[in-house]
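These are my notebook entries on a single structure. I record what I looked up, topic by topic.

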Amino acid sequence: MLRAPVLLLVFLALVTQVSSNMEGDKMSITRATGSSAVIPCDLPTQNKQYIHWYKFQEGTVPRRLLYYDVSYSKVVLESGISPGKYHGYEGTDKMYKFVISNLQESDSGVYRCAVWEKHIGSALL
């Protein structure tokens with residue numbers, strides 16, 4: 001009887017699931033703990049200046065993790081976000097990519113991208 005909870009904890013530690021919006025569609029990604037996940041974001045807006053990435057977890061307030069400044073090809077992390085954990089870039093296919101490195105169980109959640117013409121602080125979300 002004591003073995004079941006231990007096996008369950010080991011199983012939960014082996015995979016992390018994330019999802020993102022892609023033109024309103026949902027996708028699901030499952031990766032091993034410690035690996036990386038690349039989430040594409042295909043935004044229909046032509047004049048993009050800032051691409052924002054948000055994390056949604058049940059029971060918590062959505063949190064902006066970073067924004068990507070298209071004009072300068074620069075990633076700006078939100079306060080309290082560890083460098084190296086998240087990264088964003090524009091792919092050769094003109095889609096914006098979001099990378100989560102060293103996946104952990106705490107990375108499970110729903111990830112969404114959004115475009116704004118101006119940088120808007122996370123307090124306005």
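This is a predicted model: local features need pLDDT of at least 70, side-chain atom pairs count only at pLDDT 80 or more; totals for chains, interfaces and linings use all residues.

Entry 1, strand pairing. I began with β3 and strand β8 (residues 96-100), which pair in the antiparallel sense over 5 bridges. Strands here are DSSP runs of E of at least two residues, numbered from the N terminus, and two strands count as paired if DSSP finds at least two bridges between them. At the residue level, I found that A37 has I100 in β8 as its bridge partner. For reference, I noted that strands of a sheet pair through backbone hydrogen bonds, either parallel or antiparallel.

Residues are numbered from 1 along each chain as its sequence is written, and side-chain values use heavy atoms, with hydrogens and water left out.

Entry 3, the sheet. I then looked up the sheet to which this pair belongs: 3 strands form an open, antiparallel sheet in the order β3-β8-β7. Its edge strands are β3 (37-41) and β7 (86-90), each of which pairs on one side only. Neighbouring strands are turned by 20° against each other on average, direction ignored; the axes are lines fitted to C-alpha atoms, and angles run from 0 to 180 degrees between N-to-C directions.

Which residues have the most contacts inside the largest nonpolar core? I listed I39, I51, W53, Y86, F98, I100 and Y111, in a core of 20 residues. The elements giving two or more residues to this core are β3, β4 (50-56), β5 (63-69), β8 and β9 (109-116). Such a core is a set of buried Ala, Val, Leu, Ile, Met, Phe, Trp, Tyr and Cys residues joined through side-chain atoms within 4.5 Å. Buried means under 20% relative accessible area, exposed over 50%, and partly exposed in between (1.4 Å probe, protein chains only).

I located S28 in strand β2 (residues 25-32). S28 is partly exposed, because its relative accessible area is 48%. S28 and I39 are 11 residues apart in sequence and 9.5 Å apart in space, C-alpha to C-alpha.

Most residues other than glycine have a negative phi. I recorded a positive phi of about 50° for S73, in the loop between β5 and β6 (74-77). S73 is classed as exposed because its relative accessible area is 53%. Phi of N102 is also positive, near 50°, and N102 lies in the loop between β8 and β9. With a relative accessible area of 44%, N102 is therefore partly exposed.

Definitions and conventions:
Helices (H or I, at least four residues) and strands (E, at least two) are DSSP runs, numbered from the N terminus.
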